[in-house]
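Good morning, and thank you for the time on today's agenda. I would ask you to keep the sequence and the structure in view while I speak.

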Amino acid sequence: MSVKEGYIKVTGGNVWYQIHDTYTDKTPVIILHGGPGSSHYSLQGLNVLSEDRPVIFYDQLGCGKSDRPADPSLWKIERFVEELVKIRTALSLDKVHILGHSWGTTLAAAYILSKPEGVESVIFSSPCLSAPLWAEDQARNRQQLPVEEQAVLKACEDNGTTDSEEYKAATAEFNKRFVCRLDPMPAFLKQGAQYKNPDVYNIMWGPSEFHVTGNLKNFDCTSQLKDMGIPTLYTCGRYDEATPESTKYFSSLTPGAKFHVFENSAHMPYLEETDEYMMVVREFLSSVDHNS
């Protein structure tokens with residue numbers, strides 16, 4: 001297997017990419033990481049998919065190993081769609097599968113609904129395809145937290161102190177339930193914090209997973225899911241902030257879509273149930289290859 005990496009010029013700076021290739025003739029899969037502003041770091045284990053096909057990672061502009069320009073006007077979904085177009089062109093990815101996770105599904109949907117050629121399938125892993133619906137789901141999830149934690153979150157949001165230590169501590173309680181249920185949290189995840197860019201996250205999303213105030217807060221493509229037009233797989237964890245109910249709803253709107261719940265996971269089944277996650281993804285991609 002070869003691993004190749006480099007940089008691609010996009011609007012606003014240079015984006016880092018990495019290709020894992022075993023020189024098969026199967027269609028590559030490109031990974032769209034979550035965030036916004038989080039990097040491919042936590043998803044790097046998906047490189048095992050390269051046993052079957054080329055796997056392409058990239059860090060979206062503003063995070064990871066890519067440039068971090070200080071221009072806030074760059075942090076909008078249209079530029080990230082344009083960035084993906086440039087990456088496919090630069091790497092000559094005429095045919096491609098797309099696997100998006102979390103915000104990466106938002107980006108994947110916006111891109112696919114622009115009707116690009118050569119996208120053979122899409123995997124929406126823990127999807128956020130309606131920010132208003134996501135916000136409703138998190139309001140319900142918050143109610144499962146201890147009453148005192150709920151009170152801290154509300155007070156900090158009301159007072160504009162979401163950068164305080166108490167808000168971060170209460171957010172950590174939410175994350176233990178709905179983001180990653182591994183206990184202890186994998187050490188390597190903490191090491192990945194350096195690759196994140198909170199400025200991008202705040203501008204596009206907000207101060208936390210469950211308090212949506214950024215420029216994506218009205219994003220909703222549910223009415224267009226009927227037009228997806230390619231093989232589609234939806235996955236989520238049983239305890240995912242991308243709830244099984246909403247994920248199943250999205251799949252019901254997408255003709256012919258498949259749906260899978262990882263029973264012992266929250267928002268990171270690729271870490272929480274790695275073997276099953278890889279098996280489900282592999283089987284789906286292989287079925288698309290077989291039928292194309």
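I shall go through the core, the strands and helix within it, the aromatic pairs, and a few backbone details. Please bear in mind that this is a predicted model.

The largest nonpolar core has 50 residues. Within this core, I30, Y58 and I98 have the most contacts. Its largest share, six residues, is supplied by helix α2, residues 103-112. There is also a second, separate core of 23 residues, and C180, L233, M278 and V280 are among its members.

I30 deserves a moment of its own. Which residues does I30 contact, once its neighbours within four places in sequence are left aside? They are I56, Y58, L84, I87, L93, V96, H97, I98 and L99. One of these, I98, is also the bridge partner of I30 in β5.

That brings me to strand β5, residues 96-101. Six of its six residues are buried, so the strand is largely enclosed by the rest of the structure. In a regular strand, side chains alternate between the two faces of the sheet. In β5 both faces are covered. V96, I98 and G100 are buried on one side, and H97, L99 and H101 are buried on the other.

What runs alongside β5? Strand β3, residues 29-32, is joined to β5 by four bridges, and the two run parallel. Strand β6, residues 119-125, also pairs with β5 in the parallel sense, over six bridges. There, H101 has S125 of β6 as its bridge partner. Together, β5, α2 and β6 form a right-handed β-α-β unit.

The helix of that unit, α2, is mostly covered, with nine of its 10 residues buried. Those buried residues include W103, L107, Y111 and I112. Against which elements do the buried residues of α2 pack? They pack against β3, β4, α1, β5, β6 and α7.

I turn now to the aromatic residues. The count of aromatic pairs comes to 12. A pair of aromatic rings is described by the distance of the centres and the angle of the planes. For W134 and W205, the ring centres are 6.0 Å apart and the planes stand at 85°, so this pair is edge-to-face. The pair links distant parts of the chain, as the two residues are 71 residues apart. W134 belongs to helix α3, residues 131-142, whereas W205 lies in the loop between α7 and β7. Both W134 and W205 are buried. Elsewhere, ring pairs link Y167, F174, F178 and F210 into a cluster.

Two arginines are also placed over rings. The charged end of R79 sits over the ring of F80, at 4.4 Å from its centre. R181 lies over the face of Y239, and here the distance to the ring centre is 3.8 Å.

Next, the backbone. Where are the cis peptide bonds that I wish to point out? One runs from G35 to P36, with omega near -5°, and P36 is in the loop between β3 and β4. Another joins D183 and P184, with omega about 5°. P184 is placed in the loop between α5 and α6.

Two serines have a positive phi. For S92, phi is near 55°, and this residue lies in the loop between α1 and β5. S126 has a phi of about 55° and is found in the loop between β6 and α3. Are these serines buried or exposed? S92 has a relative accessible area of 53%, and a residue over 50% counts as exposed, so S92 is exposed. S126, at 0% relative accessibility, counts as buried.

Finally, I would draw your attention to L225, in the loop between α7 and β7. L225 is buried, with a relative accessible area of 0%. Its C-alpha atom is separated by 8.4 Å from that of L113, which is 112 residues apart from L225 along the chain. Leaving aside neighbours within four places in sequence, L225 is in contact with L129, Y234, F250, L253, T254 and P255.

To close, I return to β5: this strand is paired with β3 and with β6, and both of its faces are covered. Thank you for your attention.

Methods. Residues are numbered from 1 along each chain as its sequence is written. This is a predicted model: local features need pLDDT of at least 70, side-chain atom pairs count only at pLDDT 80 or more; totals for chains, interfaces and linings use all residues. Side-chain values use heavy atoms; hydrogens and water are left out. A nonpolar core is a set of buried Ala, Val, Leu, Ile, Met, Phe, Trp, Tyr and Cys residues joined through side-chain atoms within 4.5 Å. Buried means under 20% relative accessible area, exposed over 50%, partly exposed in between (1.4 Å probe, protein chains only). Contact means heavy atoms within 4.5 Å. Two strands pair if DSSP finds at least two bridges between them. A crossover is right-handed if, with the strands pointing away from the viewer, the path from the first strand over the helix to the second runs clockwise. Rings of Phe, Tyr and Trp (its six-membered ring) pair if their centres lie within 6.5 Å; planes under 30 degrees apart count as stacked, over 60 as edge-to-face and the rest as tilted. A charge sits over a ring if NZ of Lys or CZ of Arg is within 6 Å of the ring centre and within 35 degrees of the ring normal.
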